[in-house]
Amino acid sequence: MKFISTRGRSAPVDFIDVLLGGPAPDGGLYMPRSWPTEIDYDGSPFADDVSSLLRAFIDDSDFRKAALGEIPDAYAGFDDPAIAPLRALDEDKDDSEGRFLLELFHGPTLAFKDIALQLLGRLTSRALEQRKSRATIVVATSGDTGSAAIAAFRSRPNVDIVVIHPKDRVSDVQRRQMTTASDQNVHNVALDGTFDDTQRIVKSLFADSEFAKRTHLMAMNSINFVRVALQSAYYFTSDDNLTAPANFVVPTGNFGDVFAGEVAIRMGCSVRQLVVATNANAILARALATGVYEPGPVHQTLSPSMDIQVASNFERALFTASGRDTDWVRSAMDQFARDGRVYIPPHVLHALRRTYIAGSASDDETIAAIARIHDETGITIDPHTATGFAVAEKLKGQLEGPLVFLATAHPAKFPEALAQAGVPPPEVPPQLANIMDAPERFTVLPNDVAQVRQFILDRVGS
Ligand SMILES: *Cc1c(COP(=O)(O)O)cnc(C)c1O
């Protein structure tokens, strides 16, 4: 498979370039040139669906063989054999109308990002080996990407990892999951700013081509198409385990996980609608309601991994919804860079609304959802997952068929939110044991790209 840019001005590239690269040189995001249709997911377990995806996307037969060989090891550290188990919430209801929890938090850092990153880390090391190269991975994180990336890359010989989180805007547990990694190749930065500032800084580092080349800079955020593609696997396994096409309710920040649902649909997975659930940072809900995509200031909420206004992957949805109209996408993103907003034309908006339905939930509604689901089912959900339940409740009249709620983080990561909901904290899983006492290592830096650049040069040399 070749991959092309959403903005149409970059040469097509191969899987390994997408795996190791950042955005396309024209500023766009890579997408497959066409959608593979040979994903065979009938009756197959999660790991086989992942194999099927890799086979569809990787042309180079040596690399394909190496990649497939990494799958068992990547998922060996998960504490559930199904990797992404689907749990029924309404025992008394028929499959065709019940609610289901898709548990995506069984990996080493207890959030869904492990599912793609545990494999991506191994694929990256393999690809670098093949190219006799090395990389500096720079990650902007709103909380969970950073720890998942550290878990995926710590102590890998050909990689340095720099993780930039917004200072005091991630939970205590989230910060400690990152800063207690003692490996020499792990470098944590606490930036004086918001998550959007960390993303902006990472983007400018990539835009500085001399610096990027010198440090072998590499992105690991959900703008990496390989990551998004791997996340589509759990949509396939869920569909496989249900008797009717479902609505998937997806707590959203960067639009990566929910766009993985669209990727699954384009490759043949039966899905009714994708429910885009946001917290108070409701730019996506507003865009789908009004046709104007316009970020505002970032609000801090109880679901910090979704405290994002600029949802990078939305460009991919604009690309597909416009019928791959790269000229329009390019002009829309130019307009966005210039004026801070995009006007989505009616035919594109109409196409988006066929796939996506959106809503937002306040912190109060999120807390109420945690309490309500605990009362109704005895199950404790985390605040990110809870935004999905709160939004689905609001959209109830518009959603028919089974509802699959993506449980994106383990509730033990967010004890403060549970306390506010009056729900007792769950038992602390072994993945979190020790981090509360272990020493932390991180460097506080101002919201200034030059200082971040210097920090990286000091740490990784050149
Ligand atoms: C990252 C994250 C999200 C948002 O996922 P996106 O792909 O950025 O939309 C939601 N919940 C949790 C727990 C996360 O870590």
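Predicted model: local features only at pLDDT ≥ 70, side-chain atom pairs only at ≥ 80, totals over all residues.
**Helix packing and salt bridges**

Helices H3 and H4 cross in a right-handed sense. H3 covers residues 61–76, and its axis lies 9 Å from that of H4, at an angle of about 140 degrees. Angles over 145 would count as roughly antiparallel and 65 to 115 as roughly perpendicular, so H3 and H4 are classed as oblique to each other.

On the H3 side, the contact is made by Phe63, Ala66, Ala67, Glu70, Ile71, Asp73, Ala74 and Tyr75. H4 contributes Ile115, Gln118, Leu119, Arg122, Leu123, Arg126, Ala127 and Gln130. Sorted by class, the contact of H3 with H4 has ten nonpolar, two polar and four charged residues.

The next topic is charge pairing. Side chains of opposite charge can pair when their charged atoms come close. With a cut-off of 4 Å between side-chain nitrogen and carboxyl oxygen, the model has 25 salt bridges.

One of these joins Arg7 to Glu315, with 2.8 Å between the closest N and O atoms. The two residues are 308 positions apart and link distant parts of the chain: Arg7 sits in the loop between strand S1 (3–5) and helix H1 (15–20), while Glu315 belongs to helix H13 (residues 314–321). Buried means under 20% relative accessible area; Arg7, at 14%, therefore counts as buried, and Glu315, at 5%, is buried as well.

A second bridge runs between Arg134 and Asp160, where the closest N and O atoms are 2.9 Å apart.

Lys167 has a relative accessible area of 28% and is partly exposed. Asp168 reaches 61%, which means that this residue counts as exposed, since the limit for that class is over 50%.

Salt bridges can also share partners: Asp90, Arg99, Arg372, Glu376, Glu393 and Lys396 are joined in this way into one network.

Definitions and conventions: Residues numbered from 1 in each chain as written. Heavy atoms only, no water. Helix = DSSP H or I, 4+ residues; strand = E, 2+ residues; numbered from the N terminus. Buried < 20%, exposed > 50% of the residue type's maximum accessible area, 1.4 Å probe, protein only. Axes fitted to C-alpha atoms, helices over the stretch in contact; angles between N-to-C directions. Parallel < 35°, antiparallel > 145°, perpendicular 65-115°, else oblique. Left-handed = near helix turned anticlockwise from the far one by under 90°. Contact = heavy atoms within 4.5 Å. Nonpolar A, V, L, I, M, F, W, Y, C, P; charged D, E, K, R; others polar.
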